[in-house]
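Here is a friendly note to read alongside the model. The points go from a charged residue to the cores and then to the rings.

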Amino acid sequence: MADTTLSPPQRPDRNWPSLNALLARRGFQKWAAKFPLTRPFVRQEGEALFDVVAGFCHSQVLMALVALEIPARLMQGPQSVAALARLTQVPEARLKVLLQAGAALKLLRLRRGGYGLSRRGAALVGVPGLQAMIQHHAVLYRDLADPVAFFRGESAPELAGFWPYVFGGEVDPQLAATYSDLMAQSQALVADDTLDAVRLDHVRHLMDVGGGTGAFLAEVGARYPGLNMTLFDLPGVAPLAEARFAQAGLARHTEIKTGSFRADPLPRGADAVSLVRVLYDHDDATVGALLRSVFEVLPQGGQLIISEPMSGGRSPTRAGDAYFALYTLAMGTGQARSATRIVELCRAAGFEQIRAPRARRAFITSCIIATKGSS
């Protein structure tokens with residue numbers, strides 16, 4: 001297995017306490033900031049630390065820009081502060097502070113007479129589902145308003161109510177449409193990276209478990225025309241999936257089976273099963289039971305495809321450990337797992353041949369492929 005997420009175990013270093021004490025000493029910091037050989041590192045670390053301190057303000061600048069539709073308004077070209085103020089109904093003086101902040105974050109660029117989009121800002125508009133996810137972050141920010149209470153488990157996260165499907169059972173159709181639309185908008189990128197890492201040429205029939213409105217299977221069908229596919233998910237999302245498959249011209253090659261993998265047996269007949277952004281929604285007990293169910297319904301030589309953001313394990317990552325880990329914690333049941341931990345769960349379910357292709361963009365998704373042995 002090519003697992004690049006782990007570093008070798010590190011031996012405890014008895015010198016760290018004294019080194020930390022030295023680095024924390026104000027006199028040493030002043031000296032290091034002036035000494036030519038250490039000055040660049042001190043400045044770099046200082047700027048990085050300040051970015052961590054100011055991170056919440058940065059996220060709120062991003063939220064305000066998106067909520068006010070400023071990137072979209074600038075797609076046709078630069079505009080003046082006065083023009084944007086009229087469109088957004090924000091006082092010019094306050095809007096200029098926001099626009100300057102957006103330029104500082106390299107989302108906007110100062111232009112003659114106003115502000116325009118940077119390359120990063122244009123990408124923000126173009127990435128499917130990104131702006132919807134950013135606006136949805138308002139829920140997560142409210143959950144983190146008291147971070148100490150959050151990590152102590154003393155608060156009741158609002159995000160858990162936004163994703164009620166993780167608890168199983170029936171889901172209100174309107175709420176199902178809300179969360180399914182949010183997930184579907186981001187699935188294009190996830191599908192691209194997953195299908196670049198996993199080849200399905202040899203697959204006869206793919207079943208996507210927990211596939212929502214079928215966004216992932218629609219991308220699969222576009223890349224592999226004629227592949228037979230089954231979507232298995234809660235009844236509330238079935239009509240949306242059916243409409244998506246019909247619109248994509250995939251109705252002949254797809255079928256929809258409804259049920260909850262927490263309570264119902266999985267359909268048989270597929271020689272590959274995909275779990276796309278499913279495991280990190282659930283605790284180990286639920287994941288273990290699901291993996292055993294998948295192992296049971298797969299034929300010998302059948303393949304399990306897991307695709308989701310993962311923790312860095314012993315080499316923590318900003319995306320996996322400082323974002324997705326908090327997000328899943330707020331959901332109430334999930335957790336971001338390392339590739340190594342997911343492999344352990346797959347082995348416990350019976351899978352033996354397991355590999356982890358190198359992720360192209362780990363902040364979007366990573367993949368694990370497990371094959372049911374012939375013995």
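1. Let me begin with Glu308, which is buried but takes part in no salt bridge; the nearest side chain of opposite charge is that of Arg337, 5.0 Å away. Buried here means under 20% relative accessible area, exposed means over 50%, and partly exposed is in between, with a 1.4 Å probe and protein chains only. A salt bridge needs a side-chain nitrogen of Lys or Arg within 4 Å of a carboxyl oxygen of Asp or Glu. Lys and Arg count as positive, Asp and Glu as negative, while His and the chain ends are not counted.

2. A word on the source: this is a predicted model, in which local features need pLDDT of at least 70 and side-chain atom pairs count only at pLDDT 80 or more, whereas totals for chains, interfaces and linings use all residues. Residues are numbered from 1 along each chain as its sequence is written, and side-chain values use heavy atoms, with hydrogens and water left out.

3. Glu308 sits in strand 7. Helices (H or I, at least four residues) and strands (E, at least two) are DSSP runs numbered from the N terminus. Setting aside neighbours within four places in sequence, Glu308 has contacts (heavy atoms within 4.5 Å) with Arg277, Val278, Leu279, Tyr280, Ile342, Thr365 and Ser366.

4. Lys372 belongs to the segment after strand 9 and lies over the face of Phe295, 4.6 Å from the ring centre. For such a placement, NZ of Lys or CZ of Arg must be within 6 Å of the ring centre and within 35 degrees of the ring normal. Beyond four places in sequence, the contacts of Lys372 include Leu298, Pro299, Gly301 and Phe351.

5. Which residues touch the most other members of the largest nonpolar core? They are Leu291 and Leu304, in a core of 30 residues. At least two residues each come from strand 3 (205-209), strand 6 (272-276), helix 15 (284-297), strand 7 (303-308), helix 17 (339-349) and strand 9 (366-371). Helix 17 gives the largest share, six residues. A nonpolar core is a set of buried Ala, Val, Leu, Ile, Met, Phe, Trp, Tyr and Cys residues joined through side-chain atoms within 4.5 Å.

6. Not counting residues up to four places away in sequence, Leu291 touches Leu275, Leu279, Leu304, Ile306, Leu345, Cys346, Ala349 and Phe351. Apart from this core there is another, of 25 residues, including Leu189, Val190, Phe216 and Leu250.

7. Now the rings: the structure holds six aromatic pairs. Rings of Phe, Tyr and Trp (its six-membered ring) pair if their centres lie within 6.5 Å; planes under 30 degrees apart are stacked, over 60 edge-to-face, and the rest tilted. Tyr323 and Phe324 are edge-to-face, at 4.7 Å centre to centre and 80 degrees between the planes. Tyr323 is partly exposed at 24% relative accessible area, and Phe324 is buried at 10%.

8. Tyr323 also pairs with Tyr327: the centres are 6.0 Å apart and the planes at 40 degrees, so this pair is tilted. Tyr323 and Tyr327 are about one helical turn apart because they are four residues apart in helix 16 (residues 318-331). Ring pairs link Tyr280, Tyr323, Phe324 and Tyr327 into a cluster.

9. Finally, Leu140 of helix 9 (residues 130-143) is buried, at 5%. Leu140 touches Leu159, Tyr323, Tyr327 and Ala330, not counting residues up to four places away in sequence. The C-alpha atoms of Leu140 and Ala330 are separated by 7.4 Å, although these residues are 190 apart along the chain.
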